Amino acid sequence: ARSIGKDSSTRSTMFDMELSHRGFQVSPDLQHVDAVAASATAGAGHAPAIHRLRSLVRPLSSFEMDLLQDVHALSKSLRDTNDGTLLIDELASDLTAMGYECAIQCVESHGLSDTHANYGSANPDSKCLELLRHEFILCAGMCDGSVEHSCVVDPCFRDQFSLGQQNTGYETLLEAVPEEFVGSPIRLQALVTVICAEMVKVYRELGVSLPPWRRPRSVLGKW
């Protein structure tokens, strides 16, 4: 049976290091998440969400930790080779060559990007409708059958939550969101729900309506 771990809010960097049987260093992304969570002021509006994110982004098994380390190393290498551009088909191919059972998934929907949305205009025709396309990888374990573990792999996870207009608190929150996500669909859903709740607060503070493509169900539809 495919394994799905349980979330824990007590995971630490030391535990992450013990989780990987390779003896590798913890991903810099996870180290940064710990630093952001440690510096989050208890009274700050986004602090509870940041601490919740800290638990949700952590790998829950040695397989997830190893996969995250490989995704991070390969993504960095591919970006360095391609002038900062990451081609997901190359990442999937490299992961498959390492023995992972991977398949690229693509979700397309019509919506309005924050880049093209004109929040200062009351005329809806001033907004530019475009095709929103998102690709990610589904990993089912190892090709040799030694591990069966369903994981979503998104090397551009943080980018999905960048806003055209955002406050300082939300910027700090985004720093606690790792660039790459590796984990079960259940953990992904919980993580996206937390981030979307904070996103709603930003739009409320800006005094503008939440765009349809920023609603939790729409954002979750990317995966």
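Helices (H or I, at least four residues) and strands (E, at least two) are DSSP runs, numbered from the N terminus. The views below show a predicted model, in which local features need pLDDT of at least 70, side-chain atom pairs count only at pLDDT 80 or more, and totals for chains, interfaces and linings use all residues. Residues are numbered from 1 along each chain as its sequence is written, and side-chain values use heavy atoms, with hydrogens and water left out.

View 1. Gln160 counts as buried because its relative accessibility is 12%; buried means under 20% relative accessible area, exposed over 50%, and partly exposed in between (1.4 Å probe, protein chains only). Its side chain reaches the backbone oxygen of Cys156 at 3.0 Å. A polar contact of 3.5 Å joins the side chains of Gln160 and His134. Such a contact is a pair of N or O atoms within 3.5 Å; within protein, one must be able to donate a hydrogen and the other to accept it, and residues adjacent in sequence count only if both atoms are side-chain atoms. Leaving aside residues up to four places away in sequence, Gln160 touches His134, Arg214, Lys222 and Trp223, where contact means heavy atoms within 4.5 Å.

**View 2. The largest nonpolar core, with 27 residues.** A nonpolar core is a set of buried Ala, Val, Leu, Ile, Met, Phe, Trp, Tyr and Cys residues joined through side-chain atoms within 4.5 Å. Phe157, Phe161, Tyr170 and Trp223 have the most contacts inside the largest core. Helix H3 (47–56), helix H6 (168–175) and helix H7 (185–206) are the elements that give two or more residues to this core. H7 supplies the largest share, nine residues. A second, separate core of 19 residues includes Phe63, Ala92, Leu95 and Met142.

**View 3. Contacts of Phe157.** Not counting residues up to four places away in sequence, the residues touched by Phe157 include Val177, Pro178, Leu188, Ile195 and Trp223.

**View 4. The salt bridge between Arg187 and Glu64.** A salt bridge is a side-chain nitrogen of Lys or Arg within 4 Å of a carboxyl oxygen of Asp or Glu, and by this rule the count comes to four. The side chains of Arg187 and Glu64 meet at 2.7 Å, N to O. The pair links distant parts of the chain, with Arg187 in helix H7 and Glu64 in helix H4 (residues 62–81), 123 residues apart. Arg187 is buried, with a relative accessible area of 1%, and Glu64 also counts as buried, at 1% relative accessibility.

View 5. Asp80 and Lys76 meet at 3.2 Å, N to O. Asp80 is exposed, with a relative accessible area of 54%. In the other pair, the side chains of Arg79 and Glu179 meet at 3.4 Å, N to O. Arg79 is buried at 16%, whereas Glu179 is partly exposed at 26%.

**View 6. Cys143 and its closest cysteine sulfur, in Cys102.** The two sulfurs are 7.2 Å apart, too far for a bond. A disulfide is a pair of cysteine sulfur atoms within 2.5 Å, and by this rule the count comes to zero. Cys143 counts as partly exposed, at 48% relative accessibility.
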